[in-house]
Amino acid sequence: MAAGGARATMKDVAALAGVSAKTVSNVVTGSVFVRPETIERVQAAMAELDFVPNLAARGLRNGRTGVIALALPDLATAYSAEVVHSIVEVAHERGFAVQIEETAAEPAREHALVSRARAHLVDGVILNPIRLEDSAVDHTDRLPPVVLIGEVEQHVTDRVLVDSRAAARDITRHLLAQGARRVAVVGGGGRGEAATATSRLRLAGVHDALAEAGIAPDPDREATVFPWNTEAGARAADELVERGAPFDAVVAFTDSLAVGVLHALAARGIRVPEDVLVTGFDDIEPARFTTPALTTVRFDRRRFAEEVLALLESRMADRSRPPRAVVVPHEVVERASTAR
């Protein structure tokens, strides 16, 4: 609080931080670049003075609420937690509060969020749909500012993605380079509720790498599961073993699935990596602490979030511009689960 118990103002924050009130405003709104060290000083002054930006007044001036919505299919996964953390962190730096929703792969929830943005209850929406045919962006001709994250391909709004097909191809190539020839897949296929945009692309990437090596895909080595969590990964590994089609490597479509695979194989006395190589996807924090540590696909979460917020702010400023797709680079991180 300011002297005398009055509510602190931007001028009070500016005086304490040794900057102009305009600089404080820029830090709050994220409207222009501010040096990181200046942001730190301003944020420290805001904390010391218990300063709360008046987002309501800001909204009256520019017609915005200062709130954006972020919707993911399943908030219970470690991957979702890490994505939410990165997006919320970057959004706050840019002066936005974030309303977090779970769509549970239900199209009606996506439609409700888009309607809320059209009614100006939020300034924009970040969606992670799992199929284009179910998504709200495929069923409306009047979209509010929306950015999609993930692999659903469309040409009506912006999106940020990792090239899942290329990444799955790269990690399968790694397994083949380690001597694997009977590669199993844990994730999804081309049918039913598990036929998500991501599953189709990652399966195609695995098939690409196998084809390069002259190896035909074997449906008996492909376990379709949904949702993609640890329990499903363990169940899929058990199913693969019980089918009787031998395999010497597993490509799991997420790290959570891979953790389940590791657990199920260990329970059956199947050694990783001596008997079977195992890989994941996303490089969540637990991937470094499994036994053995998990080989996986990594991408920069911070950069991913920055690209998402940049596109959303750009779309909020100009809804008429052509949609853009930004691909965030990936890399294969080799760990003990494939160290033969």
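Biologist: Which residues form one aromatic cluster?

Modeller: The cluster consists of Y79, F299 and F304. This is a predicted model, in which local features need pLDDT of at least 70, side-chain atom pairs count only at pLDDT 80 or more, and totals for chains, interfaces and linings use all residues. Residues are numbered from 1 along each chain as its sequence is written, and side-chain values use heavy atoms, with hydrogens and water left out.

Biologist: How many aromatic pairs does the rule give?

Modeller: Rings of Phe, Tyr and Trp (its six-membered ring) pair if their centres lie within 6.5 Å; planes under 30 degrees apart count as stacked, over 60 as edge-to-face and the rest as tilted. By this rule there are three aromatic pairs. The ring centres of W228 and F253 lie 5.8 Å apart and their planes stand at 65 degrees, so this pair is edge-to-face.

Biologist: Where do W228 and F253 lie?

Modeller: Helices (H or I, at least four residues) and strands (E, at least two) are DSSP runs, numbered from the N terminus. W228 is in the loop between strand 7 (222-224) and helix 9 (230-243), and F253 is in the loop between strand 8 (249-252) and helix 10 (255-267), so the pair ties together parts that are 25 residues apart in sequence.

Biologist: Are W228 and F253 buried or exposed?

Modeller: Buried means under 20% relative accessible area, exposed over 50%, and partly exposed in between (1.4 Å probe, protein chains only). W228 and F253 are both buried. The pair of F299 and F304 is tilted, with 5.4 Å centre to centre and 55 degrees between the planes; F299 and F304 are buried as well.

Biologist: What is the volume of the largest pocket?

Modeller: Rolling a probe the size of a water molecule over the atoms shows where empty space is left. On a 1 Å grid over the protein atoms alone, a pocket is an open set of points where a 1.4 Å probe fits, with protein on both sides within 12 Å along at least five of seven lines; lining residues have an atom within 4 Å of a point. The largest pocket has a volume of about 650 Å³, a volume being the space filled by probe spheres set on the points, which are joined across faces, edges and corners.

Biologist: Which residues lie nearest the centre of the largest pocket?

Modeller: Of its 32 lining residues, P73, Y79, N128, I130 and W228 lie nearest the centre. Helix 5 (78-93), strand 5 (158-161) and helix 8 (197-212) are the elements that give two or more residues to this lining. Helix 8 supplies the largest share, three residues.
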